[in-house]
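Q: Please take a close look at one part of this model: the side chains and helices around its nonpolar core. Then place that part in the whole chain.

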Amino acid sequence: MHLVNRIKQIDEKAINDIMEQYGDYLLRTAVLLLKDYQEAEEAVQDTFIIAYQKMEQLDDPKKLKSWLTAIMINQCRARFRKWSWKHVFPSFDIINSQKDDLNQTHDDLLIGADTKQNMVDAIQQLDYKYREVITLYYFNEYKITEIAVQLDTKENTVKSRLKRGRLLLKDLLKKKEDVG
């Protein structure tokens, strides 16, 4: 029996299985979007609570991951929209151990970015709308069409945000290299 069906029948082990299977993925994504580990943890916890409460709304169990991602994105957006959240400034005091070669293309810079702290710092400095599409595209490997569905927007909007986000990242990394 599929996990979704087991949850609908209130199988506690199925709930734990889903949390173990998707928890790290959702937390990594939320941290990149929110720039705050504790807020991200809360967003993921709320995601699982909402998913449990609304599991009967999921028609296709094969879409569980994208359904959970959509709930988590909505939780992150709700937190980001709060007035108090907009006035929190993240601390970027981590010393960079690596320098990126800015002669590479934008796509080359983004490959393997999850292991490069300076790239993560740069992504977290972007406006939320750019951070959102870059995270979903490069870190979660969603296609543009899937991102458009997740964000309830047009594909061309996703493409333009990706393009603008890449340009902003390049500028941020160049500034960081000039300073460092």
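**A close look at the core and its surroundings**

A: Lys176 has a relative accessible area of 25%, so it is partly exposed: the cut-offs are under 20% for buried and over 50% for exposed. The model is a predicted one. Lys176 belongs to helix α10. In space, its C-alpha is 8.8 Å from that of Ala122, although 54 residues separate Lys176 and Ala122 in sequence.

Now the core. The largest nonpolar core holds 42 residues. Leu26, Leu64, Trp67, Leu68, Cys76 and Ile134 have the most contacts inside it. Seven named helices each give at least two residues to this core: α2 (12-34), α3 (37-53), α4 (64-81), α7 (117-125), α8 (128-139), α9 (144-151) and α10 (155-179). The largest share is that of α2, with nine residues.

Take α4 next. It has 18 residues. From first C-alpha to last, α4 reaches 26 Å, close to the 26 Å expected at 1.5 Å a residue. Its buried residues are Leu64, Trp67, Leu68, Thr69, Ile71, Met72, Ile73, Gln75, Cys76, Arg77 and Arg79. That list includes Leu64, Trp67, Leu68 and Cys76, which are also among the residues with the most contacts inside the core. The buried set of α4 also includes Thr69, Gln75, Arg77 and Arg79. An α-helix has 3.6 residues a turn, so residues three or four places apart point the same way.

Lys65 lies over the face of Tyr25, at 4.5 Å from the ring centre.

Now the aromatic rings. One aromatic pair turns up in a search of the whole structure. The partners are Tyr137 and Tyr138, with ring centres 4.7 Å apart. Their planes stand at 80 degrees, so the pair is edge-to-face. Tyr137 is partly exposed, at a relative accessible area of 28%. Tyr138 counts as buried because its relative accessibility is 18%, and the limit is under 20%.

Lys35 is not a glycine, yet its phi is positive, about 65 degrees. It is located in the loop between α2 and α3. Its relative accessible area is 26%, so Lys35 is partly exposed. Asp152 also has a positive phi, near 55 degrees, and is a residue other than glycine. Its place is the loop between α9 and α10. Asp152 is exposed, with a relative accessible area of 72%.

Finally, the whole chain. The protein has ten helices and zero strands. From the N terminus on, its elements run α-α-α-α-α-α-α-α-α-α. Of its 180 residues, 41% are buried. Among contacts with a separation of 6 or more, 64% join residues 24 or more positions apart.

To return to the part in question: the core of 42 residues draws its largest share from α2. Helix α4 supplies at least two of its residues, and Trp67 of α4 is buried. Helix α10 also supplies at least two core residues, while Lys176 in α10 is partly exposed.

Methods
Residues are numbered from 1 along each chain as its sequence is written. This is a predicted model: local features need pLDDT of at least 70, side-chain atom pairs count only at pLDDT 80 or more; totals for chains, interfaces and linings use all residues. Side-chain values use heavy atoms; hydrogens and water are left out. A nonpolar core is a set of buried Ala, Val, Leu, Ile, Met, Phe, Trp, Tyr and Cys residues joined through side-chain atoms within 4.5 Å. Buried means under 20% relative accessible area, exposed over 50%, partly exposed in between (1.4 Å probe, protein chains only). Helices (H or I, at least four residues) and strands (E, at least two) are DSSP runs, numbered from the N terminus. The expected span of a helix is 1.5 Å times one less than its number of residues. Rings of Phe, Tyr and Trp (its six-membered ring) pair if their centres lie within 6.5 Å; planes under 30 degrees apart count as stacked, over 60 as edge-to-face and the rest as tilted. A charge sits over a ring if NZ of Lys or CZ of Arg is within 6 Å of the ring centre and within 35 degrees of the ring normal. Contact means heavy atoms within 4.5 Å.
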